[in-house]
Amino acid sequence: MKILLICLLMAFSFQTSVSARNILPLSAHHKELAIVIDDLGNDMKGTEEILSLPVTLTIAVMPFLPTTRADAEKAHQKGHEVIVHLPMEPISGKASWLGPGAITTSLSDVEIRKRVEQALEEVPYAVGVNHHMGSKATADKRVMRIVLEICKEKGLFYLDSKTTGKSVIPKLAKELGVPYLENELFFDDVYTIRHIGKQARLLSKELESDESTIAIGHVGVTGIKVATMLKEFLPLYEKKASIVPLSDLIPEYHLIDESMP
Ligand SMILES: [Zn+2]
């Protein structure tokens, strides 16, 4: 056991600075905050500003779009974590909001599997999945079982951004043994600076009580506002918590991942 531990520690010491914090004893972490930014991949407003922020973010990139690959690569180069932002059918909304390759409840099992596997191939460096929209599809057991089975096969975790109260993801992820996380707060569910500021202050308050917190923002309409707000609030957040990639909130994830040859 001791030898194994020493080997692991040696392996860790060769990791990049982003991963290096994982060798800190747990007590040094205090509280953890993961900030996820959705909707990259389509040259959306605020992309550059978000990717240039001086902390490790988790960047959710949509597949099959003009800057899908470029955004994922840039995010990775800048030390951020990358996940796939899978477009999934909402109860209401325009089909055009979903983008290409969307997962809808009318598709066959074979077609869902094909689209999810293609989406994963489209986004380099992805270590997890969350969904874009999805209030209808994430309440559908048949659809989500296929999506989560693929996550299991590929060793990916799933972040449920809870776009519906009827999500079947927690139950299915548990059943299939897929690491699963839920977000607690959206910065920009209302597009105004006033609301984004209010959510930013609310997050600061939550950091005083919660051990680990996940917050989501977007590029696009609110991209610049979210980047500006984060620039202002990050020093405050960093006083209260370590800002970590999403996978750091999964206890076994880095141990499994980084001890692989
Ligand atoms: Zn989205």
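**View 1. Helix H8 and its buried residues.** Val 143, Met 144, Ile 146, Val 147, Leu 148 and Cys 151 are the buried residues of helix H8. The model shown here is predicted. H8 runs over residues 141–154, which makes 14 residues. At 1.5 Å a residue, H8 should span 20 Å, and its end C-alpha atoms are 20 Å apart, so the two values agree. What lies over the buried residues of H8? The cover includes helix H7 (109–122) and helix H9 (169–176). Strand E4 (126–133) and strand E5 (157–160) are also part of that cover. Just after H8 comes Gly 155, with a positive phi of about 70°.

View 2. Helix H10 covers residues 193–209, 17 residues in total. From first C-alpha to last, H10 reaches 25 Å, close to the 24 Å expected at 1.5 Å a residue. Which residues of H10 are buried? They are Ile 196, Gln 199, Ala 200, Leu 203 and Leu 207. These residues cover an arc of only 105° around the axis, so they sit on the same side of H10. Look at the other side of H10 for Arg 194, Arg 201, Lys 205, Glu 208 and Ser 209, which are exposed. The buried residues of H10 are covered by elements including E1, strand E7 (185–186), E8 and helix H11 (223–240).

**View 3. Strand E1 and its partners.** Strand E1 spans residues 32–40 and is mostly covered. Eight of its nine residues are buried. Start with strand E8 (residues 212–218), which pairs with E1 in the parallel sense over seven bridges. Here Asp 38 has His 218 of E8 as its bridge partner. Turn next to strand E9 (residues 242–243), which runs parallel to E1 and is joined to it by two bridges. Leu 33 has Ile 243 of E9 as its bridge partner. Strand E2 (residues 58–61) also pairs with E1 in the parallel sense, over three bridges. Which residue of E2 stands opposite Leu 40? That residue is Val 61.

**View 4. Val 61 and the largest nonpolar core.** The largest nonpolar core holds 68 residues. Val 36, Ile 37, Val 61, Ile 103 and Tyr 158 touch the most other members. In soluble globular proteins, nonpolar side chains tend to be buried together. What does Val 61 contact beyond its neighbours within four places in sequence? Its contacts include Leu 40, Gly 41, Val 82, Val 84 and Val 123. Thr 68, Asp 71, Ala 72 and His 85 are in contact with Val 61 as well.

**View 5. Glu 184 in a loop.** Glu 184 lies in the loop between strand E6 (180–182) and E7. Is Glu 184 buried or partly exposed? Glu 184 has 15 other C-beta atoms within 10 Å, so it is partly exposed. Leaving out residues up to four places away in sequence, Glu 184 touches Glu 206, Thr 213, Ile 214 and Ala 215. Ser 161 is 23 residues from Glu 184 along the chain, and their C-alpha atoms are separated by 8.3 Å.

**View 6. The whole chain, for orientation.** The chain has 261 residues, and 41% of them count as buried. Its secondary structure comes to twelve helices and nine strands. Among contacts in the chain with a separation of 6 or more, 73% are between residues 24 or more positions apart.

Notes. Residues are numbered from 1 along each chain as its sequence is written. This is a predicted model: local features need pLDDT of at least 70, side-chain atom pairs count only at pLDDT 80 or more; totals for chains, interfaces and linings use all residues. A nonpolar core is a set of buried Ala, Val, Leu, Ile, Met, Phe, Trp, Tyr and Cys residues joined through C-beta atoms within 7 Å. A residue is buried if 20 or more other C-beta atoms lie within 10 Å of its own, exposed if 12 or fewer, and partly exposed in between; C-beta atoms are placed from the backbone. Two residues are in contact if their C-beta atoms, placed from the backbone, lie within 7 Å. Helices (H or I, at least four residues) and strands (E, at least two) are DSSP runs, numbered from the N terminus. Two strands pair if DSSP finds at least two bridges between them. The expected span of a helix is 1.5 Å times one less than its number of residues. The arc is that of the directions from the helix axis to the C-beta atoms.
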